[in-house]
Amino acid sequence: MNKPFAPSAPVDMARERAAGIRDIMPVMIAAAPIGLLFGALCAGKGLSPAEAGLMSVLVFAGGAQFAALELWTWPVPIATLAFSTLLINARHILMGASLAPKMRGFSLGQKLAGFYVLTDESWALAERRAKDRPLTPAYWFAVAGLLPLSWVGATIAGAVLGSFLGDPARIGADFAFTALFIGLIAGFWNGRVSAAAIGASAAASAATYFAFGPPWHVAAGALTGIAAAYVAAPAGEDAPEAA
Amino acid sequence: MTIDPTTLAAILAMAVITYLTRIAGIFLVGRLALSGRAKAAFDAIPPAVLVAVIAPTALATGWPETLAALVTAVAATRLPLLATIAVGVASVVLLRMVAG
């Protein structure tokens with residue numbers, strides 16, 4: 001599958017764009033019901049459709065947004081929400097560092113604008129494409145730039161509909177967060193090391209919640225889980241990775 | 001179309017932090033080669049945070065929630081995300097009915 005790169009040949013922009021649209025379409029369809037759920041839960045927490053939509057436009061990071069909503073209380077704990085967002089989105093740093101060198105045809109401005117819409121899904125699709133052909137701005141802006149339409153549209157629709165639903169606990173929707181997070185956690189599963197991180201984080205978080213209450217359980221659980229992964233991982237594999 | 005100023009501040013803080021994590025990699029290329037235990041610890045950040053957020057609901061609310069979380073975890077190993085959520089919500093509703 002290793003086609004030789006031909007940097008001098010003109011890139012067919014329309015085909016690049018079409019490939020990006022084809023790759024992201026299933027993700028856009030899958031994101032819509034999740035966005036509806038996010039919007040409905042926003043309404044349950046007392047956020048207006050405008051606030052819910054604004055968060056999806058400006059933050060555009062599902063995991064961090066759901067976590068923020070779970071931690072949302074009135075008055076709004078801004079520092080807690082910011083810290084949780086930083087921890088959950090820190091993975092973007094490694095994703096960007098891996099993808100940026102593969103974006104040879106991009107100007108710095110195109111990289112800075114393009115990474116505004118960096119997500120797990122668009123990153124995975126772009127990394128896969130970069131394995132056998134050069135990554136083009138036409139492909140990236142299609143594959144990464146269209147997903148917000150689905151996410152933001154569904155968020156606003158969910159927030160409008162959710163305000164008619166009433167108490168989310170009545171239909172078990174308050175548990176949707178927990179179920180969603182368990183599903184997301186399964187996506188990060190990689191065996192023994194993640195088992196150690198998850199077990200340690202759960203125990204430390206629940207214990208801290210009992211002893212001190214929110215919001216300290218998030219930091220306590222996260223840091224304990226990260227430490228457990230460090231200890232559980234095999235030592236001695238410290239040779240630098242090939243780029 | 002109401003936007004509360006404190007809510008706006010929280011959203012802006014989250015947005016700025018998220019954007020900085022997204023672009024940081026551009027400037028760290030070649031200087032960020034995590035390996036071994038450091039990489040394992042970094043890779044564990046998202047699941048560790050997600051678990052820490054839900055642990056009080058899953059483990060410290062009542063037995064219906066704890067049991068429903070276990071059912072959901074089993075579902076998550078073989079079902080797509082939306083089906084996993086459906087199984088979780090349905091099981092918590094049923095178990096809460098049993099618990100009264």
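Glu127(A) is buried, at 14% relative accessibility. Buried means under 20% relative accessible area, exposed over 50%, and partly exposed in between, with a 1.4 Å probe and protein chains only. This is a predicted model, where local features need pLDDT of at least 70, side-chain atom pairs count only at pLDDT 80 or more, and totals for chains, interfaces and linings use all residues. Residues are numbered from 1 along each chain as its sequence is written, chains are lettered from A and ligands numbered from 1 in the order in which they are written, and side-chain values use heavy atoms, leaving out hydrogens and water.

What does Glu127(A) form with Lys102(A)? A salt bridge, with the closest N and O atoms 2.7 Å apart. The term means a side-chain nitrogen of Lys or Arg within 4 Å of a carboxyl oxygen of Asp or Glu. Lys102(A) is partly exposed, at 29%.

Next pair. Asp120(A) forms a salt bridge with Arg91(A), closest N and O atoms 2.9 Å apart. Asp120(A) lies in helix α7 and Arg91(A) in helix α5 of chain A, so the pair ties together parts 29 residues apart in sequence. Arg91(A) is buried, at 14%.

Now chain B. It has five helices and zero strands. Here helices (H or I, at least four residues) and strands (E, at least two) are DSSP runs, numbered from the N terminus. Of its 100 residues, 45% count as buried. The C-alpha atoms of chain B fill a box of roughly 55 × 45 × 25 Å, along the principal axes.
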